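Please keep the sequence and the model in view while reading.

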Amino acid sequence: MRNILVTGGAGFIGSNFVHYMLARYDDCRIVVYDKLTYAGNLDNLLPVQEDPRYRFVQGDICNRADVEAAVRAHEVDTIVNFAAESHVDRSIMDPDAFIQTSVYGTYTLLEVARSLELERYHQISTDEVYGHIPAGQSSRETDKVEPRSPYAASKASADLLVNAYHVTYGLPITITRGSNNIGPYQYPEKAVPLFATNAIDGLPLPVYGDGRQMREYQYVGDHCEAIDLVLRRGVIGETYNIGTGVEVENLDMIEVLLDALDRPRSLIRHVADRPGHDRRYSLNIAKITALGWEPDHTPTEAIIKTAAWYRDNEWWWRKIKSGDFRQYYETQYGERLRAAAAQQ
Ligand code: NAD
Ligand code: TYD
């Protein structure tokens, strides 16, 4: 089995991936390498902190010496790169860290993987690199990237670097492009955990624009299972979309969430839209299903399961929402919510 460096493993999807791999494989060893930005949280890794197969190293993926030292010290043979700034709204406020981490940080990891001749470099990417997808169409892995937010552009840039290292240096890479993940340990700036935790507290749910934008909400555990499959059976040099193949309008997602939490629709507040808001993402998932994977959860099941986790785990999110998050919330939503209230 592999010795995996999971960069960004203290974040949402990375920590779920750590739990998934250690539960599934007895002989798997994992080193989480994470800068612990506002989104990195060691609470996400509490269930494995005593596991002898798990180690944590605090570090920045932009620091080549530190990455190299971690890879050597733990005899890493595989890097799975989850590290990124991941929230579109923050990328609109200030793109700088997005470019640093996803462009320079990915380059740094690729250089380490190349110089130490690692067995695999796997890049976690996103459906957002394809940009807005018109109704009736869905993105294939061979489609061109047309990112429209600084976040999506930083992720598409990383993908291009990863592919270039395969073509130029023969680096054994794979890429997965996932749709919107939901589930345990997602920082409550993203729509589903923000709406779930606001609903639990009886606070308004700030819905951008008409709320008819479409996303392919998938359960994070399903995504992790597919990443593992690509690590084992994916073809070197290839990219795989991972999603459900079913897109859901935001307002429909919200209705499922409110019903699951037994909260009224009157909490919905339409507020000023996100600039450049991508209306629709949609993935063609034929390539990953041909590899022998299909999601275990429908989007509705994923939303209900996620709502239940936030209802049952207030210990996890209350301390986040009572900290620096309050300043972010005021900057992002204060004016929007006051303007919406004035119009009522
Ligand atoms: P997240 O924001 O919850 O976690 C990101 C993690 O990366 C944090 O632990 C943070 O501390 C760490 N990090 C950030 N900059 C770093 C740096 N310079 N060096 C080391 N660590 C650093 O993000 P997430 O939602 O778990 O997303 C993980 C990955 O999956 C990202 O690459 C994201 O683009 C991608 N992705 C996310 C989604 C989604 O729905 N959340 C969907 C598809 C793809
Ligand atoms: P988000 O979770 O930020 O993911 P994405 O990267 O796909 O934008 O948002 C999911 C959808 O919900 C997206 O269409 C934007 C919308 N949204 C709102 O309407 N209000 C909000 O407060 C947030 C955070 C998102």
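With which residue does E189 form a salt bridge, and how far apart are the closest N and O atoms? The partner is K190, and the closest N and O atoms of the pair are 3.2 Å apart, where a salt bridge is a side-chain nitrogen of Lys or Arg within 4 Å of a carboxyl oxygen of Asp or Glu.

The model is predicted, so that local features need pLDDT of at least 70 and side-chain atom pairs count only at pLDDT 80 or more, whereas totals for chains, interfaces and linings use all residues. Residues are numbered from 1 along each chain as its sequence is written, chains are lettered from A and ligands numbered from 1 in the order in which they are written, and side-chain values use heavy atoms, with hydrogens and water left out.

**Salt bridges**

Across the whole structure, the search finds 25 salt bridges. E189 counts as buried at 2% relative accessibility, and K190 also counts as buried, at 17%; here buried means under 20% relative accessible area, exposed over 50%, and partly exposed in between, for a 1.4 Å probe and protein chains only. D259 pairs with R265, with 2.7 Å between the closest N and O atoms, and R265 is partly exposed at a relative accessible area of 36%.

A further salt bridge joins R338 to E335, the closest N and O atoms being 3.5 Å apart. Because R338 and E335 are 3 residues apart in helix α12 (residues 325-343), about one helical turn separates them; helices (H or I, at least four residues) and strands (E, at least two) are DSSP runs, numbered from the N terminus. R338 is partly exposed at 45% relative accessibility, while E335 is exposed at 54%. Elsewhere, salt bridges that share partners link R64, E68, R72, E111 and R114 into one network.

**Ligand surroundings**

Ligand 1 is surrounded by 29 residues, of which I13, D34, S86, Y151 and K155 are the closest, a residue being near a molecule if one of its heavy atoms lies within 4 Å of it. Ligand 2 has 21 residues around it, and E128, R215, R274, H277 and Y333 come nearest.

| Ligand atom | Protein atom | Distance |
|---|---|---|
| ligand 1, oxygen | I13, polar backbone atom | 2.7 Å |
| ligand 1, nitrogen | T101, side-chain N or O | 3.0 Å |
| ligand 1, oxygen | K155, side-chain N or O | 2.6 Å |
| ligand 2, oxygen | A191, backbone N or O | 2.9 Å |
| ligand 2, nitrogen | P206, backbone N or O | 2.8 Å |
| ligand 2, oxygen | R274, side-chain N or O | 2.5 Å |

For ligand 2, the protein covers 97% of the 510 Å² of accessible area that the ligand has on its own, with areas taken from the Shrake-Rupley method with a 1.4 Å probe. The elements that give two or more residues to the shell around ligand 2 are α3 (88-93), α6 (191-200) and β8 (205-208). By class, this shell has 10 nonpolar, 5 polar and 6 charged residues, where Ala, Val, Leu, Ile, Met, Phe, Trp, Tyr, Cys and Pro count as nonpolar, Asp, Glu, Lys and Arg as charged, and the others, Gly among them, as polar.

Around ligand 1, the shell divides into 11 nonpolar, 14 polar and 4 charged residues, and β5 gives the most to this shell, with 3 residues.

Conventions
A polar contact is a pair of N or O atoms within 3.5 Å; within protein, one must be able to donate a hydrogen and the other to accept it, and residues adjacent in sequence count only if both atoms are side-chain atoms.
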